[in-house]
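The sequence and structure come next.

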Amino acid sequence: KVNVNLPLNLVKTVLKAGHHIAEKFPESEKYVKDIDMDLLIHAIENEAEGQIVDITSANKDTVLIVIE
């Protein structure tokens with residue numbers, strides 16, 4: 001478990017850039033194509049709490065993003 005505190009503007013910028021970059025690679029595109037970045041950023045801006053992203057790769061690696 002890792003806890004990270006980041007400025008909101010940095011989070012929004014990195015999410016948008018990372019999503020855009022990930023869409024360009026066939027290996028990752030299938031995992032990010034259905035993520036609604038605008039909805040994700042809206043949830044963060046409005047102080048949503050709880051798990052907002054749950055990704056599991058073909059080899060069972062898991063990434064969870066949780067807002068507390």
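Which residues lie nearest the centre of the largest pocket? In this predicted model, they are Val 4, Leu 6, Ile 65, Val 66 and Ile 67, and they belong to a lining of 21 residues. Two or more residues of that lining come from each of α1 (8-22), α3 (37-45) and β2 (62-67). Sorted by class, the lining holds 15 nonpolar, two polar and four charged residues.

The second largest pocket is lined by Leu 15, Gly 18, His 19, Ala 22, Val 32, Ile 35, Met 37, Leu 40, Val 53, Ile 55, Val 63 and Ile 65. Here the elements that give two or more residues are α1, α3, β1 (50-56) and β2. The largest share, four residues, is supplied by α1. In this lining ten residues are nonpolar and two are polar, and no charged residue is present.

| Pocket | Volume | Lining by class |
|---|---|---|
| Largest pocket | about 870 Å³ | 15 nonpolar, two polar and four charged residues |
| Second largest pocket | about 180 Å³ | ten nonpolar, two polar and no charged residues |

Is Ile 65 buried or partly exposed? Ile 65 counts as partly exposed because its relative accessibility is 34%, and buried means under 20% while exposed means over 50%. Apart from neighbours within four places in sequence, Ile 65 is in contact with Gly 50, Gln 51, Ile 52 and Val 53. Its C-alpha atom is 8.4 Å from that of Gly 50, a residue 15 positions away along the chain.

The chain as a whole can be described briefly. It has three helices and two strands, which run in the order α-α-α-β-β from the N terminus. Its C-alpha atoms fill a box of roughly 30 × 25 × 20 Å along the principal axes. Of the 68 residues, 18% count as buried. The chain exposes about 5600 Å², of which 54% is supplied by carbon and sulfur atoms. Among contacts with a separation of 6 or more, 30% are between residues 24 or more positions apart.

Note on methods:
Residues are numbered from 1 along each chain as its sequence is written. This is a predicted model: local features need pLDDT of at least 70, side-chain atom pairs count only at pLDDT 80 or more; totals for chains, interfaces and linings use all residues. Side-chain values use heavy atoms; hydrogens and water are left out. On a 1 Å grid over the protein atoms alone, a cavity is a set of points where a 1.4 Å probe fits but cannot get out, and a pocket is an open set with protein on both sides within 12 Å along at least five of seven lines; lining residues have an atom within 4 Å of a point. Grid points are joined across faces, edges and corners, and a volume is the space filled by probe spheres set on the points. Ala, Val, Leu, Ile, Met, Phe, Trp, Tyr, Cys and Pro count as nonpolar, Asp, Glu, Lys and Arg as charged, and the others, Gly among them, as polar. Buried means under 20% relative accessible area, exposed over 50%, partly exposed in between (1.4 Å probe, protein chains only). Contact means heavy atoms within 4.5 Å. Accessible areas come from the Shrake-Rupley method with a 1.4 Å probe; for residues, only the protein chains shown count as cover.
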